[in-house]
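Here is a short report on helix packing and nonpolar cores. Please keep the model open while reading.

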Amino acid sequence: MFFDRPESGELSVLVHLNLNSEREPEDPREFEELAISAGGDPIAFITGSRDVPTAKFFVGTGKLEEIKQEVDNSGAGLVIFNHNLTPSQERNIEHALSCRVLDRTGLILDIFAQRAQTHEGKLQVELAQLEHMSTRLIRGWTHLERQKGGIGLRGPGETQLETDRRLLRVRIKSILKRLEKVRVQREQGRRSRRRAEVPTVSLVGYTNAGKSTLFNRLTGADVYAADQLFATLDPTMRAFKVPEVGSVIFADTVGFISHLPHKLVEAFRATLDEATNATLLLHIIDASSEQRLENVARVDEVLNEIGAGDIPVLKIYNKIDLLDGVEPRIERNGTGKPIAIWLSAKDNIGVDLLPLALRELLGHDQVHGQCTLGHELGRFRAQLFQAGAVLEELIQDDGSSLLEVRLPRAEWLRLLKASGLTSQQVLLKPELPEVDDFNN
């Protein structure tokens with residue numbers, strides 16, 4: 001609405017400072033990938049070191065002169081900082097360089113604005129943009145103290161800045177109201193899944209780790225997947241059958257990066273709730289990345305920030321096709337529980353191991369046995385088939401059905417209650433018949 005995105009391939013100068021005051025410095029390689037993902041064409045990467053940033057220009061006057069010389073020589077129209085600038089710093093640097101200046105948060109917002117496809121995603125991006133811009137409005141009106149006078153140009157008595165701020169507040173309030181409605185709708189869907197005892201598995205991880213590729217491979221979906229940061233922005237959900245567990249809902253979510261701007265975390269709360277309410281998190285990791293350990297730590301930091309730090313996690317080390325001598329496998333802890341899987345979603349190597357691990361992790365409270373149902377229980381039999389709980393059926397001489405069933409215990413009890421039956425009326429015996437009995 002208010003941001004004009006740079007044209008694709010716009011010449012850009014990137015600026016990164018190593019600040020001794022920062023406990024967790026930004027990654028310059030990630031910064032360059034962000035700039036390219038936004039459609040920029042970096043022609044220079046200027047680095048430097050300082051103890052603390054300056055209040056006026058963030059960088060020192062000598063470094064500012066170096067940046068200006070590079071802008072003048074290259075004809076770049078944009079300077080991007082790998083740091084968050086204050087509105088006054090951004091304004092002062094623009095005045096000194098005579099070109100547009102973008103900070104790290106503004107860059108990420110621009111990428112999100114390009115990627116958003118759904119109505120919900122666009123609302124979330126616009127909210128984050130408006131909140132970011134609300135402190136920078138004065139930059140566009142430094143040539144005006146009050147609205148112009150003259151016939152047809154007189155304002156209502158407000159300054160132009162006051163008018164813009166009022167319109168922003170109205171728009172932000174409207175977006176928040178609509179996003180709250182989205183959040184309520186999502187929560188209703190989650191309650192329905194909980195009542196039906198359908199587990200939800202959310203794919204989380206560092207951006208460009210391969211979440212969408214794995215999601216498409218498992219569910220047959222057609223989610224956009226590309227070798228770029230934030231290729232996926234809008235959440236997608238699909239059902240997937242896990243052996244001996246039944247239907248599981250997979251949710252593909254937005255990727256994380258280091259120091260994800262707080263404005264984005266708040267704006268995308270409705271989307272990130274899919275992760276905070278999941279039964280299990282699949283933490284997708286780029287096994288070929290040199291920053292693998294750092295990226296894992298950054299994702300864990302974001303998960304804790306959004307309240308998902310206590311949810312069970314299965315780590316998926318993806319892209320083993322880029323590593324030498326690494327075979328697909330399931331890693332287990334001392335008790336034999338799966339804790340990690342090594343695979344390649346792109347080449348479909350080891351992907352078949354994931355349903356096996358999910359069966360072990362999600363099928364812990366299952367009922368499995370045989371029951372005999374007469375004609376009077378035909379409706380209950382149909383409900384068992386509809387729930388996908390029947391493994392085998394044998395029609396006996398008296399016309400009754402001998403069923404082998406497997407389903408979550410809570411679902412078994414729910415079906416009994418819905419049919420007005422008790423566990424004594426429908427005995428579920430653990431002793432299974434011989435396999436040949438079902439095949440005859």
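This is a predicted model: local features need pLDDT of at least 70, side-chain atom pairs count only at pLDDT 80 or more; totals for chains, interfaces and linings use all residues.

Residues are numbered from 1 along each chain as its sequence is written, and side-chain values use heavy atoms, without hydrogens and water.

**Helix pair.** Helix α4 (residues 104-115) packs with helix α5 (residues 119-133) at about 155°, axes 10 Å apart. The two are therefore roughly antiparallel (angles over 145 degrees count as such). Their crossing is left-handed. Residues in contact have heavy atoms within 4.5 Å:

| Helix | Residues in the contact |
|---|---|
| α4 | Thr 105, Gly 106, Leu 109, Phe 112, Ala 113 |
| α5 | Val 125, Ala 128, Gln 129, His 132 |

By class, this contact has 5 nonpolar, 4 polar and no charged residues.

**Cores.** A nonpolar core joins buried nonpolar residues through side-chain atoms within 4.5 Å; buried means under 20% relative accessible area with a 1.4 Å probe. The largest core has 29 residues. Ile 80, Leu 107, Phe 256, Leu 281, Leu 303 and Ile 306 have the most contacts inside it. Elements giving two or more residues are α1 (28-37), β3 (78-81), α4, α9 (269-276) and α10 (292-305). The largest share, 5 residues, comes from α4.

Which residues does Leu 107 contact, leaving aside its neighbours within four places in sequence? They are Phe 31, Leu 34, Ala 35, Ala 38, Ile 80 and Leu 102. Another core, of 26 residues, lies apart from the largest one. Among its residues are Leu 280, Leu 343, Leu 353 and Leu 362.

Technical notes:
Axes are lines fitted to C-alpha atoms, for helices over the stretch in contact, and angles run from 0 to 180 degrees between N-to-C directions. Helices (H or I, at least four residues) and strands (E, at least two) are DSSP runs, numbered from the N terminus. Angles under 35 degrees count as roughly parallel, over 145 as roughly antiparallel, 65 to 115 as roughly perpendicular and the rest as oblique. A crossing is left-handed if the near helix is turned anticlockwise from the far one by less than a right angle, and right-handed if clockwise. Ala, Val, Leu, Ile, Met, Phe, Trp, Tyr, Cys and Pro count as nonpolar, Asp, Glu, Lys and Arg as charged, and the others, Gly among them, as polar. Buried means under 20% relative accessible area, exposed over 50%, partly exposed in between (1.4 Å probe, protein chains only).
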